[in-house]
Amino acid sequence: MPALATSEIIAVIGAGAMGAGIAQVAAQAGHPVRLYDNRDGAARAGIDGVRRQLEKRVARGKMAQDEGEAIVARMTPVDGLADLADSRLVVEAIVENLEVKRQVFAELESLCGADTLLTSNTSSLSITSIAANLERPERMAGMHFFNPAPVMKLVEVISGLATDADVAETLYATAEAWGKVPVHASSTPGFIVNRVARPFYAEGLRLLQEGAAVPATLDALLRQAGGFRMGPFELMDLIGHDVNYAVTRSVFDAYFGDTRFEPSLVQQALVEAGRLGRKSGLGFYDYSENAEGDAP
Ligand code: NAI
């Protein structure tokens with residue numbers, strides 16, 4: 001199946017860490033992009049964030065100014081789901097909550113044309129389940145980008161039980177056309193990367209609870225000696241503890257409480273305290289301007 005044409009409109013729902021980045025990727029590939037978030041001003045703020053990133057690239061000589069401006073000009077913030085009705089592909093990147101996602105897709109299906117492809121950037125939730133109450137579940141799939149979306153190459157294209165093979169192939173080809181490296185996977189809890197990554201975080205959190213070493217030491221060790229690009233604590237801070245904790249809970253529940261995936265009370269406490277990592281300025285590390293010590 002061929003990739004979607006760059007004249008076709010891409011809708012992104014959720015303008016947080018992932019949604020704004022995914023919108024940038026699609027706009028960079030040449031598509032007109034509509035970005036919607038139900039928080040007032042968030043879609044506009046997401047696009048402003050992309051603009052600032054691109055201006056930095058222009059200032060460093062890595063991108064022509066008119067190219068950066070053209071990318072931003074292709075991105076439009078919109079006020080409601082109804083404004084996404086003429087999209088060819090929707091990528092949803094909202095809160096990691098099955099019921100909320102199901103509601104959004106049900107509403108989208110009533111607004112969009114029959115050939116609109118519906119995808120979720122969920123990290124862990126069942127695509128089969130998200131699609132189950134749709135009239136046409138065959139056009140729903142997972143399109144799982146990694147953080148930060150404009151930088152990370154991998155995209156997991158996830159097929160639920162009902163996903164049409166042509167839909168998965170179109171998404172695969174489209175991700176490739178966007179400069180990504182897609183892989184096909186079926187809808188298992190956490191898919192591939194987030195499944196394999198759970199024990200990486202969990203073991204780090206156990207070491208921390210046992211007082212083996214502080215996060216900075218553990219991160220440095222895994223980076224420098226272990227060859228990981230990021231250690232578990234700095235990576236959890238980047239992902240956001242609210243998201244990471246929700247993903248762990250979802251994988252744990254989906255595997256009927258398999259203790260390998262048991263969520264950590266340390267992470268639960270961070271979520272309860274609102275210490276969500278980079279996005280809130282504090283997590284395992286302090287990202288505020290006057291923080292003492294080095295945040296990664
Ligand atoms: P985030 O918390 O940074 O952003 C979520 C955005 O969605 C917020 O701006 C919020 O206002 C908006 N939102 C929430 N409910 C909404 C609704 N009903 N309608 C419209 N907008 C709504 O979250 P993040 O990190 O961007 O995650 C989004 C999704 O992407 C989740 O499913 C997550 O599991 C997944 N994901 C997250 C990654 C990460 O590293 N943070 C990596 C890959 C996937």
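This is a predicted model: local features need pLDDT of at least 70, side-chain atom pairs count only at pLDDT 80 or more; totals for chains, interfaces and linings use all residues.

In which loop does P148 lie? P148 is found in the loop between β6 (140–145) and β7 (154–159), where helices (H or I, at least four residues) and strands (E, at least two) are DSSP runs numbered from the N terminus. The peptide bond that leads from N147 to P148 is cis, with omega near 0 degrees. As a general rule, most residues other than glycine have a negative phi, and most peptide bonds are trans.

Residues are numbered from 1 along each chain as its sequence is written. The pLDDT, the predictor's confidence in each residue from 0 to 100, averages 96 over the chain, and 99% of the residues score at least 70. For the complex, the predictor gives an ipTM of 0.99 and a pTM of 0.94.

The strands named above belong to an open sheet of 8 strands with mixed pairing, in the order β3-β2-β1-β4-β5-β6-β7-β8, where two strands pair if DSSP finds at least two bridges between them. At the edges stand β3 (75–78) and β8 (181–186), each with a single partner strand, so one side of each is left without a neighbour in the sheet. Strand β2 (residues 33–36) runs parallel to β3 and is joined to it by 4 bridges; in one of these strands, β3, P77 is the bridge partner of L35.

The domain assignment, which is automatic or comes from a database, gives domain 1 (10–186) and domain 2 (194–280). Taken over C-alpha atoms, the centres of domain 1 and domain 2 are separated by 26 Å. In all, 6 residues of domain 1 are in contact with 10 residues of domain 2, contact meaning that the C-beta atoms, placed from the backbone, lie within 7 Å.

The ligand has 28 residues around it, of which G14, G16, M18, S123 and N147 come nearest; a residue is near if its C-beta atom, placed from the backbone, lies within 6 Å of the molecule. Domain 1 and domain 2 each give at least three residues to this shell. At least two residues each come from α1 (17–28), α4 (98–111) and α10 (241–254), and α1 gives the most, with 3 residues.

Terms used:
Two residues are in contact if their C-beta atoms, placed from the backbone, lie within 7 Å.
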